[in-house]
Amino acid sequence: MHAADSTSYETVPSTSTSKGRHNKKFKKSCAPHWERKQPNYTASPISEEFGDLQNIKEYVGGKSPLEVFLLYFDDEVLKLIVDLSMKYAADNNRHDFVFNKTMLKRFIGVLVLTGYHTLPQIELYWSRDGDKGVQYVTDCMSRNMFRNIKKNIYLADNSSLDTVSNNQFEKHAV
């Protein structure tokens with residue numbers, strides 16, 4: 001060891017007797033003292049999540065999944081999505097795009113269904129093969145209508161955004 005290292009606090013004994021005695025004293029003075037006893041809690045933790053969960057259970061209890069969905073996607077939200085999507089389609093010169101709340105509900109229903117009944121490609125839901133096609137989807141809307149809605153659905157009004165801002169998260173299609 002070098003002379004500059006003499007102040008280090010190594011716990012490994014060295015060949016020097018003075019250094020070894022220093023380490024033993026250091027180990028004894030810094031060693032933790034453990035006792036086995038029961039902890040003394042002064043307060044119990046308060047969880048806000050428990051109260052929120054109780055409120056949700058009271059508010060949603062007894063409702064069907066569709067009724068719960070419609071709590072979040074009420075007529076006002078659906079109309080807003082339809083209006084913004086129609087504006088987006090018109091802004092992109094797709095004036096033949098027709099969209100309403102019923103079509104939006106069907107589109108969301110297809111998305112929910114494809115979330116738990118997965119196929120390798122979205123087009124396979126409209127397949128005429130017995131092992132691939134999903135009758136609910138083909139009865140709900142055509143493949144071309146689904147593609148058209150997916151291309152034009154939009155959740156923001158670009159005309160109301162601040163054009164001076166450099167925020168990269170403002171103008172993105174869904």
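**Ser85.** I looked up Ser85 and found it in helix H4 (residues 75-91); helices here are DSSP runs of H or I, at least four residues, numbered from the N terminus. This is a predicted model, in which local features need pLDDT of at least 70, side-chain atom pairs count only at pLDDT 80 or more, and totals for chains, interfaces and linings use all residues. Residues are numbered from 1 along each chain as its sequence is written, and side-chain values use heavy atoms, with hydrogens and water left out.

Is Ser85 buried or exposed? I noted it as buried, because its relative accessible area is 0% (buried is under 20%, exposed over 50%, partly exposed in between; 1.4 Å probe, protein chains only). A polar atom of the Ser85 side chain lies 2.8 Å from the backbone oxygen of Ile81. Setting aside neighbours within four places in sequence, I listed Phe97, Phe99, Asn152, Ile153 and Tyr154 as contacts of Ser85 (heavy atoms within 4.5 Å).

**Lys132.** I then went to Lys132, in the loop between helix H5 (101-116) and helix H6 (135-140). Lys132 counts as partly exposed because its relative accessible area is 30%. Leaving out residues up to four places away in sequence, Lys132 touches Leu119, Leu124 and Ser127. The C-alpha atoms of Lys132 and Leu119 are 7.7 Å apart.

**Confidence.** I checked pLDDT, the predictor's confidence in each residue, from 0 to 100. The chain mean is 80, with 75% of residues at 70 or more. Helix H7 (residues 143-152) has the highest confidence, at 96, and helix H1 (residues 17-30) the lowest, at a mean of 59. Over residues 3-8 the pLDDT is below 50. Where pLDDT is low, the predicted coordinates should not be read in detail.

Key. Helix = DSSP H or I, 4+ residues; strand = E, 2+ residues; numbered from the N terminus. Polar contact = N/O pair within 3.5 Å; in protein donor to acceptor, adjacent residues only side chain to side chain.
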